[in-house]
Amino acid sequence: MKTAFFLTAVILVVEFAGGLISHSLALLSDAGHVLTDIISIGLSWFALRQSEKPSNTRMTYGYYRSGILAALFNGMLLILITIWILWEAYGRFRNPEHVAPLWMFISAGVGLLVNLYLGLGMRHDEDLNVRSAVLHMLGDASASAAVIVGGIIIAFTNWFVIDPVLSVLISILIAMGAWRIVKQTVAILMEGTPKGIDFDKVVSEMKSIPGVQDVHDVHIWSITSGKNALSCHVVINGDMTIHESQNVLRDMEHRLVHMGIGHVTIQAEDTAHPHDDSELCCTEELAHEH
Ligand SMILES: [Zn+2]
Ligand SMILES: [Zn+2]
Ligand SMILES: [Zn+2]
Ligand SMILES: [Zn+2]
């Protein structure tokens with residue numbers, strides 16, 4: 001991670017300087033993208049450190065979500081950068097700016113080599129996060145390759161409009177990544193049912209457990225990506241002993257762990273419970289009488 005951070009910083013400096021010298025918006029766009037790459041490497045490192053901090057009485061869930069907040073910030077930054085690039089490209093379509101292809105070629109060449117080096121070096125890792133990082137780096141490498149090809153074409157033809165065209169393509173690449181990040185983080189902050197968890201399947205699995213008569217007020221959410229939690233009310237026979245009801249709950253917890261839900265809070269009740277029978281939470285608060 002340290003090498004990745006350092007080498008990516010080198011790309012940023014080279015592409016930013018190259019963009020200023022050559023007046024190439026495509027290079028500046030790529031530099032903008034690399035900047036957010038650096039921020040996200042830094043943020044995920046920070047989030048990793050934060051999530052190791054234990055929970056306390058003020059933060060009972062711990063600090064896992066700091067990573068989610070960091071990712072949301074990064075996604076919104078990417079979207080702002082995309083808007084800036086599109087705005088700038090629009091101006092250049094109307095008024096093509098002369099760019100220096102040699103500098104485009106050199107700066108993008110550095111970006112291409114570093115990304116290929118980083119991406120191919122980690123190619124054999126099976127970890128999901130690393131795999132997506134590798135895909136990202138190869139995507140970045142192809143953006144640099146496109147800038148190089150664009151520089152060559154401009155050198156031979158003086159078609160300066162290629163520069164804003166490339167910028168728009170790069171900004172689409174950035175926007176797609178940003179949209180995915182924002183969508184995932186907002187889903188977690190909205191306490192949405194985690195990706196990969198089928199609400200109906202979980203509920204019918206719980207209802208199929210011997211001794212369970214009904215299940216209501218079910219919530220399934222993520223504390224952070226990959227750490228899923230569930231709370232619900234379970235209706236069991238009121239004549240069961242506490243010991244017997246424990247066995248039902250243990251069975252339920254165990255099956256939920258197998259479905260990827262490791263943090264479970266269950267309220268056991270008999271049929272005389274005062275709540276709505278709906279599986280989904282009813283938003284009305286309980287009536288309050290003495
Ligand atoms: Zn990137
Ligand atoms: Zn098991
Ligand atoms: Zn209830
Ligand atoms: Zn509820």
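## Basis

The model is predicted: local features need pLDDT of at least 70 and side-chain atom pairs pLDDT 80 or more, while totals for chains, interfaces and linings use all residues. Residues are numbered from 1 along each chain as its sequence is written, chains are lettered from A and ligands numbered from 1 in the order in which they are written, and side-chain values use heavy atoms, with hydrogens and water left out.

## Overall fold

The protein has 8 helices and 3 strands, where helices (H or I, at least four residues) and strands (E, at least two) are DSSP runs numbered from the N terminus. Along the sequence the pattern reads α-α-α-α-α-α-α-β-β-α-β. The radius of gyration is 26 Å, well over the 19 Å that the globule rule gives for 290 residues, so the protein is more spread out than a compact globule. That radius is taken over C-alpha atoms, and the globule rule is 2.2 Å times the number of residues to the power 0.38.

Along the principal axes, the C-alpha atoms fill a box of roughly 85 × 40 × 35 Å. Of the 290 residues, 38% count as buried (under 20% relative accessible area, with a 1.4 Å probe and protein chains only).

## Zinc site

The zinc ion (ligand 3) is coordinated at 1.9 to 2.6 Å by His216 (NE2), His233 (ND1), Glu269 (OE), Glu269 (OE) and His275 (ND1). Donors are N, O and S atoms within 2.8 Å of the metal (3.2 Å for Na, K and Ca); water is not among the atoms, so sites may look incomplete.

The donor spacing along the chain is H-x16-H-x35-E-x5-H. His216 lies in strand E1 (residues 212-224) and His233 in strand E2 (residues 227-236), so this pair ties together parts 17 residues apart in sequence. Both His216 and His233 are buried.

## Hairpin and backbone angles

E1 and E2 pair in the antiparallel sense over 9 bridges; pairing requires that DSSP finds at least two bridges between two strands. Asp214 has Val235 in E2 as its bridge partner. The two strands form a hairpin with 2 residues between them, and Gly226 in the turn has a positive phi of about 95°.

Most residues other than glycine have a negative phi. Asp217, in strand E1, has a positive phi near 55°. Asn158 has a positive phi near 60° and sits in the loop between helix H5 (128-157) and helix H6 (162-189).

Definitions and conventions
Buried < 20%, exposed > 50% of the residue type's maximum accessible area, 1.4 Å probe, protein only.
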